[in-house]
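Here's a quick briefing to read with the structure open beside you.

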Amino acid sequence: MSTLLTAALAAAERGWPVFPLRPGGKRPALHPETRCPRTGACAGGHVTWERRATTDPDRIRAAWGAGDWNIGLATGPARLVVIDLDKPKNGTDAPDGAANLLALCERAGQPVPTTRTVRTASGGAHLYFSAPDGSHLRNTAGALGPLIDTRAHGGYVLAPGSVIDGRLYRVEGPALIRPLPDWLLERLASPHPRSDTDPAPVVPLPRAGSRLATVVLDRETTKARQAAEGARNATLLASVRAVGRFVAWGDLNRTHVETAFQGAGEAAGLPAAEVTATIRSALDWSIRTARPRSAA
C-alpha cells in the first residue's frame, strides 16, 4: 500500500472527507466546471470537489490506486477550521504568520491556542480546530492578520502525507484537536451565517487608490459577479489580471482587491477555495509581469 493511500485512509478514518490533488501539487485532480463532461457523477450537472470528497475506503483505494495523488482534505464537511500560518514569499524578513498570530493573541490578552499542528512544505503550519456546533464559517484571507488564512466551508488543505517539492506535510507534536477558541470564532464568524445554497454576499468595494483604479475595479468585479456558468473562472481570472497592474503600481491595496473579487467570485457561484486560488494566481502573475506605469 502506498504512503499516500495510507495517509488518505487515515484521514477518512477520522471522518474527514478527502479527494485527490495533482501529484506533487495543490490543485484538485478532478475536472473543473469549465471542462465538465456532464457524464458519470456529473450527469445531472457539475459536481464540485467538495461534494465529491469522500470517507468511503473503497472509493479512496480506487482513486489512489490509480496515481500518486496528493490529498485534499475538505475542511467544511470535516467540521474543521484550519488556521494557515504562512511564510513570507521571496525570502523577505517580514513577520511570518506564526509571529502575526502571536501578536494578535498578545493584543487580545489570550494565550496562543494549542491544537493539532501540521507542518507544511514551505515551513508554515496548519492549526486544526473543531468547528463549533451550529457554525458555518467560510474561508478568510488575512482576516486575522497578514499571512494568516483560514479554511472552513468551501475550502480544503493538504492533508499530512502530501508532498510538495519533495517536502512532506507532517503532524508535529500531539494530535489532539481542540475546539476553536470563542474569541477567534467571534473574529471569524459572519454576522449572518448562510447556507451553501444562499447567494454569497456582495462585498462592498474598497475606495482606495486612484480614480481610474477604482473605476476599473468596479467594472471588473461586476463582470466577475455576473459571469455566465461555464465561463466563471475564466472571467474571474481575466478580470483580476485587468486590475492587477494597479496593485503592482500601489494604487490599490492587494488585500482590498482580494476581498472584492472573493465576494464577486462567490456571488457568481464559484467555490470559495477556487476563487481564492484563482485570485492569488492572477495577482501574482500581474505583479510579476506589470510594466512600469510610464510604459503602460
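This is a predicted model: local features need pLDDT of at least 70, side-chain atom pairs count only at pLDDT 80 or more; totals for chains, interfaces and linings use all residues.

In brief, three strands make an open antiparallel sheet, a whole-structure search turns up two cavities of 30 Å³ or more, and the salt bridge count is 11.

**The sheet and its helix**

- The strand order is S1-S2-S8, and the pairing is antiparallel.
- S1 (18-21) and S8 (156-158) sit at the edges, each pairing on one side only.
- From one strand to the next, the twist averages 35°.
- Strand S2, covering residues 70-74, is joined to S8 by three bridges, with the two running antiparallel.
- Helix H3 (residues 57-64) lies across S1 and S2, and its direction is about 5° from that of S1.

**The cavities**

- The largest cavity holds about 40 Å³ of space.
- Its lining is made up of Pro32, Glu33, Thr34, Gly230, Ala231, Arg232, Asn233, Leu270 and Glu274.
- Sorted by class, that lining comes out as three nonpolar, three polar and three charged residues.
- The second largest cavity has about 30 Å³.
- Around the second largest cavity you'll find Gly76, Arg79, Leu80, Val81, Ala131, Ser135, Leu137, Ala152 and His153.

**Salt bridges**

- The count for the model comes to 11 salt bridges.
- One of them pairs Arg38 with Glu229, where the closest N and O atoms are 3.5 Å apart.
- That pair ties together distant parts of the chain, 191 residues apart.
- Arg38 is in the loop between S1 and helix H2 (49-52), while Glu229 is in the loop between helix H6 (211-225) and helix H7 (232-248).

**Around Leu185**

- Leu185 belongs to helix H5, which spans residues 182-188.
- Setting aside neighbours within four places in sequence, Leu185 is in contact with Pro132, Leu137 and Leu180.
- Leu185 and Pro132 are 53 residues apart along the chain, with 8.3 Å between their C-alpha atoms.
- Leu137, one of the contacts of Leu185, also turns up in the lining of the second largest cavity.

How values were computed
Residues are numbered from 1 along each chain as its sequence is written. Side-chain values use heavy atoms; hydrogens and water are left out. Two strands pair if DSSP finds at least two bridges between them. Helices (H or I, at least four residues) and strands (E, at least two) are DSSP runs, numbered from the N terminus. Axes are lines fitted to C-alpha atoms, for helices over the stretch in contact, and angles run from 0 to 180 degrees between N-to-C directions. Contact means heavy atoms within 4.5 Å. On a 1 Å grid over the protein atoms alone, a cavity is a set of points where a 1.4 Å probe fits but cannot get out, and a pocket is an open set with protein on both sides within 12 Å along at least five of seven lines; lining residues have an atom within 4 Å of a point. Grid points are joined across faces, edges and corners, and a volume is the space filled by probe spheres set on the points. Ala, Val, Leu, Ile, Met, Phe, Trp, Tyr, Cys and Pro count as nonpolar, Asp, Glu, Lys and Arg as charged, and the others, Gly among them, as polar. A salt bridge is a side-chain nitrogen of Lys or Arg within 4 Å of a carboxyl oxygen of Asp or Glu.
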